[in-house]
Amino acid sequence: MSMNSQGRPTSPSAPSAPPAIETVSGSRGLQQREDLIFETGSTTKTGVDLPTPKGGMDRLGGVTRKKSVGLPGLSEPEAVRHYVRLSQQNYAIDLGLFPLGSCTMKHNPRLNEKVARMPGFADIHPLQPQSTVQGALELIDQLATWLKTLTGMPAVAMSPKAGAHGEFCGMMAIRGALMARGEIETRTRVLVPASAHGTNPATAVQCGFTVDEIKADARGRVDMEDLKSKLVDSSDIAGIMLTNPNTCGLFETDIREIADLIHEAGGYFYCDGANFNAIVGRVRPGDLGVDAMHINLHKTFSTPHGGGGPGAGPTVLSEALADFAPVPFVVEEDGVYHLVEQRSGEGSDAFGRLCAFHGQMGMFTRALTYMLSHGADGLKQAAEDAVLNANYLQSRLKKVMTPAFDGYCMHEALFSDAFTAEGIETLDIAKAMIDEGYHPMTMYFPLVVHGAMLIEPTETESKAELDRFCESLLSIAEKAKAGDESLKGAPYLAPKRRLDETQAARKPELRWSEPDKIAAE
Amino acid sequence: MRYLPLTPEDRKEMLATIGAASIDDFYTDVPEAARLGGKIAGLPDHQGELAVERHMGALAAKNRTASEGPFFVGCGAYKHHVPATVDHIIQRSEFLTTYTPYQPEIAQGTLQTLFEFQSQVAALTAMEVANASMYDGSTACAEAAVMACRVTRRQKVVLSGGLHPHYAAATRTVCEAQGIEVVQLAPGIDAELALAEAVDDETACVIGQSPNVFGTVTDLTPVADAAHEKKALLVSVFTEAVSLGMTMPPGEMGADIAVGEGQSIGNPLNFGGPYVGLFACSKKLMRQMPGRLCGETVDADGNRGFVLTLSTREQHIRRDKATSNICTNAGLCTLAFTAHMTLLGEKGLGHLAQLNHEAACMLADALEGVSGVELLTPRFFNEFAFRIPGDAGDVLEKLDGLGVVGGVRASRLYPGKGLDDVIIAAATECTSEADIKAYADALVKVLA
C-alpha cells in the first residue's frame with residue numbers, strides 16, 4: 001500500500017462486502033435525516049429580526065385572535081439546513097433526465113430566473129396606476145404577439161393560471177359564443193377522446209357540459225367512424241376537446257377533417273395544447289381549424305415546474321371566440337398600453353373574470369425571456385430536437401420494449417407492458433429506474449394502452465445522456481421480460497422505500513398534531 | 001443555440017440509427033396544407049444572454065417599483081419584506097426543477113414541505129385541515145363556493161358586499177357555468193354581518209371576508225350561527241395572510257371553509273401572480289376538498305414518509321366526476337410561503353402583524369389630520385378606506401406627481417357604485433414614518 005508524506009494510506013484497503021450499517025443519527029452518509037419543523041422548532045424562536053413595536057395602538061375593535069397559533073419557528077441557519085436537507089431527497093431535471101411523458105421536463109434556463117427577479121417586474125403591484133406599469137403591460141403585449149404568431153391565432157387570453165385553467169377559459173369562451181347564438185340550452189354535448197388528459201372531461205363538466213367519449217383506433221388516433229357516429233344527430237354538439245399531438249405522442253392525422261366535421265355540426269374545436277412543444281415552428285394550430293387552445297408556459301416555454309406549480313396557461317382564440325375572452329386584457333393605442341378590466345365597452349362580450357388581477361406575470365417574464373433567447377429559428381430547432389430525441393429513444397428501446405403503436409412518434413414514445421413477464425408490472429419498471437438514478441416515465445397514462453409507459457426526453461438532453469438512459473432502461477426491461485422478482489422490491493437505493501399509499505388514504509393524516517393528541521383520538 | 005445539446009453530427013447519427021432520412025420524416029402525419037416551410041415570419045432569431053437581458057431590462061425600467069418611494073397600494077396584494085433565505089431556498093435546483101411529487105420515494109423534499117405547509121395553513125386559519133394550495137385566493141374562493149354546493153346539495157351562494165370584487169367575479173364565472181345562483185350583496189364598508197340576514201333554506205354558503213376589501217375586520221360568528229341554523233356553510237375569506245397573526249381567524253368564527261391569498265408570506269408582488277391560494281376546512285369536509293393533498297404514511301421499511309393522497313377526488317382518476325379540474329398547485333409559491341412562515345414562527349408572525357397594524361394606525365392618524373379627509377373603515381388591520389373631497393382618480397394622479405403612490409381608487413374595483421371619492425390605502429412593515437409623513441404632506445397640497 002502506498003503512503004503519502006503524513007504516512008496515511010492513499011488508496012483504500014482491500015474491498016469487502018459492505019455490512020448492513022444502522023446509524024445512530026438516522027442519517028446515512030450524505031442522506032441527512034430531517035424531522036418536521038413541528039418537532040424541531042419552537043413557538044418562541046424566530047429567524048427574523050424586526051423592529052420593536054411601539055405598543056399602545058389598537059384599531060381592531062376587539063376582533064382579535066383568542067388562541068395561540070401553534071406555529072414553530074427556526075433560526076436562519078436551522079431553517080436553511082432544514083430545507084437544504086429536504087431538497088436532497090428530491091429528484092430534479094438539474095440532476096438528470098426526467099422522462100415524464102406529457103409533462104415536458106426540459107432545462108429551465110437561469111437567465112429566466114434572473115429576469116423574473118428584476119425589481120421592475122417582481123416589485124410592482126397589480127393595482128398600481130397603469131401609467132406606472134407601462135413596461136409590464138408592454139411585456140404582456142409582446143408575449144401575446146409571440147403566442148399569436150407561433151399559433152397562427154388572432155387573439156389570446158393571458159390570465160389563465162395553469163393549463164387546466166386555460167382549458168376552463170377556452171371552454172367558457174365557447175360557452176359565451178353559444179350563449180350569444182342563443183344555443184347554450186341545446187348545445188351541451190362535448191366530445192372527448194378516451195386518451196385525453198383527465199382535466200379535459202373535468203373541465204367540460206365544470207363549464208356545464210356533458211362528456212361523450214370517443215374511442216381511439218388501432219393507430220392511437222381518434223376513431224373517425226366512432227366520431228362520425230356521434231355526429232349523426234349533431235344538434236346538441238357544443239364542441240370537441242382534442243389534444244394534438246395527442247397523449248399517445250402522435251399527430252392526429254385527420255385533424256383537419258375533425259375540425260371541419262365539428263364546425264359543420266355547429267360546434268367549436270378546443271385543442272389541448274399540452275404537447276405544443278412538438279410542433280412549434282412546424283405547424284400552426286390556427287391552420288388546423290382550432291378555435292381555442294391553451295399553452296402551458298411551464299412545458300413548452302420552460303418556466304420551472306417547481307414541484308407542481310405555479311403554471312401559466314394563456315389561451316389562444318380564433319376569430320369566432322375572440323370577443324368572448326375574459327377580462328382583463330391589454331390594449332395598445334398610440335404606444336400607450338391600457339388594461340380593459342370591466343365587461344363594458346371593448347370587453348362587453350367577455351365571459352367574465354377568471355381570477356384576481358392579470359395572470360401569472362412571473363411566468364410571462366420567464367417565457368418571453370426563453371422565446372427571445374431561442375428566437376424563431378431556435379424554437380423550431382427545439383421542437384425538432386425534442387421529436388428527434390423521442391424517436392431515437394423509441395428506436396433503441398423497442399429492441400426489448402413493446403411500442404404501443406407502429407411508426408414514428410412526435411415528442412414522446414409510448415410503450416405498453418406487453419413485453420413484461422407475468423407478475424411484473426409497469427410500476428416495478430418505474431421504481432427500478434429510480435435505483436438507476438432516473439426519474440420514472442409517466443406510468444399508466446394514457447388509459448387506452450395497457451400498462452402504459454410514456455417517455456418524453458425533451459430537446460435539452462445530449463445524445464450521450466440518451467445513450468446512458470437507454471442502457472439503464474434496456475437492462476431493466478430485460479429483467480422485466482425475464483420475470484426478475486427483485487424488481488418488485490425496488491427502489492432499494494432511494495431516500496425512501498415504496499410508500500404505503502393505501503394506508504395514507506384509509507386514515508388520512510393531513511397535518512401534524514401533538515403525539516399525545518393523536519394517542520387520545 | 002446554448003440550450004440545445006445536440007450537434008449537427010449527433011443529429012445525423014441519430015437519424016441513421018432510427019433509419020429516417022431527415023427530420024421531415026417525423027412530420028409526415030401533418031396535413032400537407034398545414035406544413036410550414038422555413039421559419040415563422042415576423043419573429044426575431046435567437047439572441048445571447050446579454051441582448052435578451054437588455055431587452056427585458058428596458059421593459060422593467062419603464063415600471064415604477066413599490067420600493068421606489070412612499071407606496072400604499074393593497075386590495076388583495078401587499079408589499080412585504082421577503083427574507084433573503086426564502087428566495088435562496090426556492091432557487092434550489094431540487095425544488096425549482098422538479099415535478100409534482102408523483103414518485104414519492106424521490107420527492108420527499110417536496111412532500112414534507114407540503115405536509116408542513118398544510119399544517120401551517122391549518123394552524124394559521126385555526127381550521128382542522130388544509131390542502132396543498134390553489135392558484136390564488138380568488139380561485140380558491142370560487143372552488144369553495146362550488147364545494148359548498150357539493151356538500152349541501154344546494155345551488156345558491158351569497159357574497160358579501162366586502163368580498164374583493166375580483167374574488168366575487170371569479171366566483172361568479174365558475175358558479176354561473178354550473179347553474180349555481182349567485183347573490184351579490186351591495187358594496188358596503190362595514191356590511192359583512194348583512195350575510196346573516198341573507199341566508200335562507202336554499203343557501204349552500206355565505207361568503208364573507210375579514211379583513212374585507214375596504215380593510216374592515218369583522219367577527220363573523222353571527223354569520224356562522226345564522227348559516228348553520230339554515231344548514232348552510234360559512235366560507236371565510238382573507239386576502240392579507242399576515243392579519244391572521246393578530247385578528248380573529250376563520251376557525252374561531254365558526255367558518256366551515258377558509259380561503260385566502262398567501263402572497264403576503266414569502267412572495268413578491270409580481271404584478272399579480274403567481275400567488276398562492278390557501279384552502280382549509282373542517283375535517284368532516286376533507287374528502288370534498290379540491291386540489292392536492294399530502295398525507296403521512298410509512299414506507300416498506302416502516303419509516304415515516306409522505307405521499308399525495310385522497311386522489312380519488314381528482315381529475316386524473318375521476319375525470320368528469322372530479323371535485324375540480326385543477327391539476328397543478330402553486331408549487332414554489334407554497335414553498336416560499338412555508339419557508340417564510342418557518343423563519344417567522346409564531347413569535348415573528350405576531351410581531352410582524354403588530355408592526356403592520358401600527359403602521360396603518362399611524363397612517364390613519366396622519367391622514368385624519370388632513371382637512372377634508374374622512375376615515376370610513378371602523379375597525380382595521382393594515383388597510384382602510386377614506387373619503388376625500390373630489391375625485392379619487394384625480395387625487396391619486398396628483399399624489400403620484402408628488403412621488404406618492406397613494407392607494408387604490410375604490411371606483412377601479414367598483415365602477416359606477418358611487419365610490420368615486422373613496423381611496424383604499426394599505427401600510428405594512430415596509431412603510432416608514434417618513435413615508436406616512438410624505439403622504440399626509442402631499443395630500444394637504446393636493447387637496448388645498
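Residues are numbered from 1 along each chain as its sequence is written, while chains are lettered from A and ligands numbered from 1 in the order in which they are written. Because the model is predicted, local features need pLDDT of at least 70 and side-chain atom pairs count only at pLDDT 80 or more, whereas totals for chains, interfaces and linings use all residues.

**View 1. Confidence of the model.** The model scores ipTM 0.97 and pTM 0.97.

**View 2. The contact between chain A and chain B.** Two residues are in contact if their C-beta atoms, placed from the backbone, lie within 7 Å, and on this basis 174 residues of chain A and 171 residues of chain B take part. Helix H11 (residues 361–397) of chain A supplies 22 residues, the largest share of the side of chain A that touches chain B; helices (H or I, at least four residues) and strands (E, at least two) are DSSP runs, numbered from the N terminus. That side of chain A is made up of 84 nonpolar, 57 polar and 33 charged residues, where Ala, Val, Leu, Ile, Met, Phe, Trp, Tyr, Cys and Pro count as nonpolar, Asp, Glu, Lys and Arg as charged, and the others, Gly among them, as polar.

**View 3. The two domains of chain A.** Chain A is divided into domain 1 (113–371) and domain 2 (380–495), with bounds that come from an automatic or database domain assignment. The C-alpha centres of these domains of chain A are 31 Å apart, and 18 residues of domain 1 are in contact with 17 residues of domain 2. On the side of domain 1 of chain A that touches domain 2 of chain A there are nine nonpolar, seven polar and two charged residues.

**View 4. The seven-stranded sheet of chain A.** This open sheet has the strand order S1-S7-S6-S5-S4-S2-S3 with mixed pairing, two strands being paired if DSSP finds at least two bridges between them. Strand S1 (155–157) and strand S3 (210–214) of chain A are at the edges and each has a single partner strand, so one side of each is left without a neighbour in the sheet. From one strand to the next, the twist averages 25°. Helix H7 (residues 199–206) of chain A packs on the sheet and touches strand S2 (189–193), S3, strand S4 (237–243) and strand S5 (268–272) of chain A, its direction making about 175° with that of S2(A). Such axes are lines fitted to C-alpha atoms, for helices over the stretch in contact, and angles run from 0 to 180 degrees between N-to-C directions. Strand S6 (residues 292–294) and strand S7 (residues 315–317) of chain A pair in the antiparallel sense over three bridges, and A:Ala292 has A:Leu317 in S7(A) as its bridge partner.

**View 5. The four-stranded sheet of chain A.** The order in this open, antiparallel sheet is S10-S11-S13-S12. Strand S10 (402–403) and strand S12 (442–443) of chain A form the edges with a single partner strand each, so one side of each is left without a neighbour in the sheet. Strand S11 (residues 413–416) and strand S13 (residues 453–455) of chain A are joined in the antiparallel sense over three bridges, with A:Ala413 opposite A:Ile455 in S13(A). H11(A) packs on this sheet, where it touches S10, S11 and S13 of chain A and its direction makes about 30° with that of S11(A).

**View 6. The two domains of chain B.** The assignment for chain B gives domain 1 (84–340) and domain 2 (345–447), and 28 Å separate their centres, taken over C-alpha atoms. In chain B, 16 residues of domain 1 are in contact with 21 residues of domain 2, and the side of domain 1 that touches domain 2 has nine nonpolar, five polar and two charged residues.

View 7. The peptide bond from A:Asn244 to A:Pro245 is cis, with omega near -10°, and A:Pro245 is in the loop between S4 and helix H9 (255–264) of chain A. In chain B, a cis peptide bond with omega of about 5° joins B:Gly273 and B:Pro274, and B:Pro274 is in the loop between strand S6 (257–261) and strand S7 (277–281) of chain B. B:Cys75 is not a glycine, yet has a positive phi of about 55°; B:Cys75 lies in the loop between helix H2 (49–61) and helix H3 (84–90) of chain B.
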